[in-house]
Amino acid sequence: MTVETGALDDTDAVIETLLESFAAAQGFAEPYPHALLSRVLPAAIAEELAELPFEAAGVGGVSGKRELHNDTRVYFDKATCARLPACAAVAAAFQSDEVVGGVEAAFGARLAGTFVRIEYAQDLDGFWLQPHTDLGVKRFTMLLYLADPSGQADLGTDIYAAPGRWAKRTPFVANTALVFVPGENTWHGLERRPIAGVRKSVIMNYVTDAWRERGQLSYPERPVLLS
């Protein structure tokens with residue numbers, strides 16, 4: 001497959017901006033180690049992601065876990081990346097040695113042999129998420145917000161000290177992100193509240209080889225940091 005020069009340029013720009021956001025990360029120790037990032041992607045790429053041609057699906061009165069609606073979930077998989085250059089550039093950046101090494105150095109994740117999994121989430125009114133940790137096959141989590149500046153400021157991720165102990169809420173600001181290394185105490189979710197419009201975000205994980213749904217991965221045959 002021939003890679004267009006523009007796609008390579010976009011990947012390089014994404015890598016550069018990601019590394020800059022890691023260097024400027026605002027870190028927090030409580031209730032568990034996490035960080036907030038700003039200007040995560042080049043502005044043009046972030047804007048393009050916010051306008052991807054996918055229709056948002058309602059929850060039909062059933063919510064609390066994303067896996068309850070697996071049939072409508074969207075990923076930066078091989079087909080999506082082949083069709084949409086912005087998705088391809090973001091996936092390629094997270095696959096790169098530069099970004100993988102940057103994540104390890106900045107946040108202490110251990111990523112050798114993991115795979116890039118990126119979900120494009122579009123949440124409508126009625127959606128919520130119960131507290132969960134991401135512990136298991138996920139080695140790193142980034143929740144990148146693609147917020148609409150009108151009426152969505154209160155739609156950030158809820159962070160908990162324990163499943164029933166709410167601690168704080170992240171700001172829901174376009175092109176910012178919450179990042180953490182999953183552990184036994186990394187409780188996060190989305191409390192029930194009205195959602196104006198479509199709550200858009202990109203959920204990026206590095207996952208281990210134990211991840212069963214290989215079709216969700218950007219590079220299912222290529223783990224990171226292994227030749």
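Residues are numbered from 1 along each chain as its sequence is written. In this predicted model, local features need pLDDT of at least 70, side-chain atom pairs count only at pLDDT 80 or more, totals for chains, interfaces and linings use all residues, and side-chain values use heavy atoms, without hydrogens and water.

**Exercise 1.** Locate Glu104 and describe its surroundings.

Solution. 
- Start with the element: Glu104 lies in helix α5, residues 97-107. Helices (H or I, at least four residues) and strands (E, at least two) are DSSP runs, numbered from the N terminus.
- Buried means under 20%, exposed over 50%, partly exposed in between (1.4 Å probe, protein chains only).
- Then contacts (heavy atoms within 4.5 Å). Leaving out residues up to four places away in sequence, Glu104 touches Ala109, Arg110, Leu111, Ala112 and Leu225.
- Last, the Glu104 side chain reaches the backbone nitrogen of Leu111 at 2.8 Å.

**Exercise 2.** Work out the strand order of the open sheet, then find its edges and the helices packed on it.

Solution. 
- The 7 strands run β1-β2-β9-β6-β11-β4-β3, with antiparallel pairing. Two strands pair if DSSP finds at least two bridges between them.
- β1 (26-28) and β3 (74-75) are the edges; each has a single partner strand, so one side of each lacks a neighbour in the sheet.
- β1 pairs with β2 (residues 34-37) over 3 bridges, in the antiparallel sense.
- Helix α4 (residues 85-95) packs on the sheet and touches β4 (115-123), β6 (138-145) and β11 (199-207); its direction makes about 140 degrees with that of β4.
- Helix α5 also packs on the sheet, touching β2, β6, β9 (176-180) and β11, at about 90 degrees to the direction of β11. Axes are lines fitted to C-alpha atoms, for helices over the stretch in contact; angles run from 0 to 180 degrees between N-to-C directions.

**Exercise 3.** Classify the aromatic pair of Phe94 and Tyr206, and state whether each residue is buried or exposed.

Solution. 
- The whole structure holds 7 aromatic pairs. Rings of Phe, Tyr and Trp (its six-membered ring) pair if their centres lie within 6.5 Å; planes under 30 degrees apart are stacked, over 60 edge-to-face, the rest tilted.
- Phe94 and Tyr206 are 6.4 Å apart, centre to centre, with 70 degrees between the planes: edge-to-face.
- Phe94 is in helix α4 and Tyr206 in strand β11, 112 residues apart.
- Phe94 has 3% relative accessibility, so Phe94 is buried. Tyr206 is at 0%, so Tyr206 is buried.

Conventions. Polar contact = N/O pair within 3.5 Å; in protein donor to acceptor, adjacent residues only side chain to side chain.
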